[in-house]
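Trainee: I'm new to this structure, and I'd like a close look at one part of it. Could you walk me through the salt bridges?

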Amino acid sequence: MGVEAGISGEMDITFLAARTAPGWARSLIELRLSDWGMGRIAADVCLVAGELIANAVESTPDAEIRIRFTREPMAVLLAVWDSSDAMPVVTPVKELTLEEMGADPRALDPGHDDGTGGWGLPIVQALSAACGVRPTEPRGKWVWARIAC
């Protein structure tokens with residue numbers, strides 16, 4: 001993991017795309033928000049960070065991902081880079097039934113998909129003032145979200 005902090009406290013972090021990356025990044029982001037006196041938005045920013053970073057980890061397991069976190073006037077900007085050319089796809093949100101919310105005996109089985117995933121990007125959209133994706137050359141993409149303070 002490499003971390004650089006600019007004069008204004010901006011972060012540029014490189015992580016191995018491992019399951020531990022979202023947790024580490026959320027901790028660093030929460031500390032940075034506290035330093036900036038922006039603790040009141042920490043829960044929303046950390047939720048967005050967790051979703052974007054988890055998607056990057058899933059897209060590029062065992063590769064490197066990069067996280068940039070900067071302060072802007074009246075907002076913070078979080079951007080996550082991964083080397084996959086696959087663009088994020090927003091899954092339409094569906095209403096769950098009571099049966100779908102019950103215990104699933106196969107929930108811990110490797111590879112089991114209970115069909116209730118796909119909430120990440122709609123959550124990012126709901127909590128962000130703006131968000132998007134920008135392809136990079138020769139490969140990969142930046143997925144970003146701007147969260148208002």
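Mentor: Let's start with D12 and R68, whose side chains meet in a salt bridge at 3.5 Å, N to O. The term stands for a side-chain nitrogen of Lys or Arg within 4 Å of a carboxyl oxygen of Asp or Glu. D12 sits in strand β2 (residues 11–16) and R68 in strand β3 (residues 64–72), so the pair ties together parts that are 56 residues apart in sequence. Strands here are DSSP runs of E, at least two residues long, numbered from the N terminus.

A word on the model: it's predicted, so local features need pLDDT of at least 70 and side-chain atom pairs count only at pLDDT 80 or more, while totals for chains, interfaces and linings use all residues. Residues are numbered from 1 along each chain as its sequence is written, and side-chain values use heavy atoms, leaving out hydrogens and water.

Back to our pair: D12 counts as buried at 18% relative accessibility, while R68 is partly exposed at 33%. (Buried is under 20% relative accessible area, exposed over 50%, partly exposed in between, with a 1.4 Å probe and protein chains only.)

Next, K141 and D82 form a salt bridge at 2.7 Å, N to O. K141 belongs to strand β6 and D82 to strand β4 (residues 75–82), so this pair links parts 59 residues apart in sequence. K141 is buried, at 2%, and D82 is buried too, at 3%. Salt bridges with shared partners also join D12, R66 and R68 into one network.

Note on methods
Helices (H or I, at least four residues) and strands (E, at least two) are DSSP runs, numbered from the N terminus.
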